[in-house]
Amino acid sequence: MNELLIIADPRLMDERLAWLDSLARERRLSEHTLHAYERDTRQFLTFLTGHLGGPATLKDIQLLQAADFRSFLAARRKEGSGPRSLGRNLAGLRSLLRYLEKKGLVNAAGVSAVRSPKQPKSLPKPLSDRQAITVVSDKAQLHEEPWIAARDAAVFALLYGCGLRISEALDLTLNDFSGAATLRITGKGNKTRLVPLLTVVLEAVTKYRSLCPYHLEGEEPLFRGARGGKLQAAIIQRTMQKMRSAFGLPETATPHALRHSFATHLLAGGGDLRTIQELLGHASLSTTQVYTGVDSSRLLEVYDRAHPRA
């Protein structure tokens, strides 16, 4: 806060804080994204202090041209930021200026004219069928405490068997399992989706519940840490790291890789992209289409078998 008092006019600072508050309350962005946007805009205000020769004001923001924003991105690139970080920098600035524009305080045309940095194509790195089945097996869990081993197996089963994000799995409550056939998941953007609950996944969760030493209430987090609090994602990530060493898994074997494996293996088994999009909770089909690059051999096989001229 003291830093911002030096690099920004108090009214601009207040408007920025109001914008961050609106992102949390109205758009319900994740805490990670909010921290990133706060940091990105703070860095931008710091840049403007040197760029303009003094603390930035709303009038200064109003007068900014596309070249000013490009200068900021160039400075960030010189400091070592890659295309992904630069793209997020620009997204945060656009969001802030559009917020100010809606309030009639600035014109966002300058930042809107700046093209986002081209992002490198990176394909998801799923586990093989055998590797994924090993990770979710209760017999493969490394913890000596039976209930914790069962807990880890249940979480991994939800990631691979239902395609959940780790945050979605750890937010589940006992009440979420009231309908045995499906799970209603609230994902990014507060969007809900239904995913089938496989028998093997339900069995893993049931085993964990039977062994868990803590009383599990309906609306409280289902998965608990060793001391009874809500299980943290870092614990599951460290568990997967140990499994990489124990079973010779690749460095790309992470909890999120199980979600990638879910999508890739469904596609390989004949699942269509629209269905997989719904199961993953992707807002855009283009996000899901990345899995066609992962399973190109499967697509060629379908082409050879089905195309009249193959």
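## Salt-bridge network at R16

R16, E38 and R42 are linked in a network of salt bridges. The model is a predicted one. R16 is buried, because its relative accessibility of 2% falls under 20%. E38 is partly exposed, at 22%.

## Helix α2

Helix α2 covers residues 10–25, 16 residues in total. From first C-alpha to last it reaches 22 Å, close to the 22 Å expected at 1.5 Å a residue. The N-terminal end of α2 is capped by D9, which places a side-chain oxygen 3.0 Å from the backbone nitrogen of R11. Buried residues in α2 include L12, M13, W19 and L20, as well as E15 and R16.

## Other salt bridges

The count of salt bridges comes to 13. One of them joins the side chains of R151 and D152 at 3.0 Å, N to O. R151 is buried at 3% relative accessibility, and D152 is buried at 2%.

E220 and R224 also meet in a salt bridge, at 2.9 Å from N to O. Here E220 is partly exposed, at 36%, whereas R224 is buried, at 7%.

## Second largest pocket

The second largest pocket holds about 370 Å³ of space. Elements that give two or more residues to its lining are α8 (129–136), α9 (146–162), α11 (199–211) and α13 (255–268). The largest share, four residues, comes from α11.

Of the 17 lining residues, Y160, G161, L198, V200 and V201 lie nearest the centre of the pocket. The lining divides into twelve nonpolar, three polar and two charged residues.

Terms used: Residues numbered from 1 in each chain as written. Predicted model: local features only at pLDDT ≥ 70, side-chain atom pairs only at ≥ 80, totals over all residues. Heavy atoms only, no water. Expected span 1.5 Å × (residues − 1). Buried < 20%, exposed > 50% of the residue type's maximum accessible area, 1.4 Å probe, protein only. Polar contact = N/O pair within 3.5 Å; in protein donor to acceptor, adjacent residues only side chain to side chain. 1 Å grid on protein atoms, 1.4 Å probe; cavity = no way out; pocket = protein on both sides within 12 Å on 5 of 7 lines; lining within 4 Å. Points joined across faces, edges and corners; volume = space filled by probe spheres on them. Nonpolar A, V, L, I, M, F, W, Y, C, P; charged D, E, K, R; others polar. Salt bridge = Lys/Arg side-chain N within 4 Å of Asp/Glu carboxyl O.
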